[in-house]
Amino acid sequence: MSDYAVVNPATGETVKEYPTISDADLEGKFRMCAEGAIEKGAQDNFAIDMGYNGTVTNNAGVVLGETGAQEEAVECLRRAVALRPEHAAAYNNLAATLRDLGRADEAIDSYRRAIAIDPAYAAAHANLALASLAGEAYGAALDWCDKALDDDPAHVKALLRKARAAAAL
């Protein structure tokens with residue numbers, strides 16, 4: 001018995017079972033991703049066992065960032081967007097991490113990539129507003145907030161950022 005299995009929906013047959021991965025093993029695999037220790041050939045073999053794809057790599061990058069390993073998170077998130085270039089959330093997460101590192105121009109580029117992939121991605125619009133606020137571009141911040149609110153009228157961060165931008169004008 002495994003914790004996870006891929007099942008053929010047509011036949012109900014189990015195609016692949018995935019064993020339990022301990023937290024320590026999973027953390028080690030995340031670190032290997034961040035450190036670039038997994039080469040392309042190893043990635044191909046590793047992909048099946050870990051579910052190694054853009055989503056898993058994105059999640060690993062988020063975890064690394066939340067634990068304070070920002071530079072490692074950037075590397076992992078760059079791998080995530082390389083593995084899955086259509087993953088808007090990975091670009092948004094990369095941008096947030098770059099922003100936290102003070103790399104505003106790179107962050108803005110990544111936010112824009114997220115929006116290019118998903119024009120209705122309210123969080124990326126709201127995060128561009130935050131970047132605009134940091135750069136004291138209050139008019140631009142208002143515009144980004146309006147776009148976020150067009151996509152999600154109840155987006156709390158966009159509402160708060162819009163109020164900050166309006167107060168600063």
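Q: Is the crossing of H3 and H4 left-handed or right-handed?
A: In this predicted model, H3 and H4 cross in a left-handed way.

Q: At what angle do helix H3 and H4 pack, and how far apart are their axes?
A: Helix H3, residues 54–66, packs against H4 at about 165 degrees, and the axes lie 8 Å apart. An angle over 145 degrees counts as roughly antiparallel, so H3 is roughly antiparallel to H4.

Q: Which residues of H3 and H4 make the contact?
A: On H3 they include Gly 54, Thr 57, Ala 60, Gly 61 and Leu 64. On H4 they include Gln 70, Ala 73, Cys 76, Leu 77 and Ala 80.

Q: How many disulfides are found in the whole structure?
A: A disulfide is a covalent bond between the sulfur atoms of two cysteines. A search of the whole structure gives zero disulfides.

Q: Are Cys 76 and Cys 145 buried or exposed?
A: Buried means under 20% relative accessible area. Cys 76 has 0%, so Cys 76 is buried. Cys 145 is also at 0% and therefore counts as buried.

Q: How many residues has the largest nonpolar core, and which have the most contacts inside it?
A: This core has 25 residues, and Tyr 111 and Ala 114 have the most contacts inside it. Helices H4, H5, H6, H7 and H8 each give two or more residues to the core. The largest share, seven residues, comes from H5.

Q: Which residues is Tyr 111 in contact with, leaving aside neighbours within four places in sequence?
A: Tyr 111 touches Asn 92, Ala 95, Ala 96, Arg 99, Ala 124, Asn 127 and Leu 128.

Note on methods: Residues numbered from 1 in each chain as written. Predicted model: local features only at pLDDT ≥ 70, side-chain atom pairs only at ≥ 80, totals over all residues. Heavy atoms only, no water. Disulfide = S-S within 2.5 Å. Buried < 20%, exposed > 50% of the residue type's maximum accessible area, 1.4 Å probe, protein only. Core = buried A, V, L, I, M, F, W, Y, C linked by side-chain atoms within 4.5 Å. Helix = DSSP H or I, 4+ residues; strand = E, 2+ residues; numbered from the N terminus. Contact = heavy atoms within 4.5 Å. Axes fitted to C-alpha atoms, helices over the stretch in contact; angles between N-to-C directions. Parallel < 35°, antiparallel > 145°, perpendicular 65-115°, else oblique. Left-handed = near helix turned anticlockwise from the far one by under 90°.
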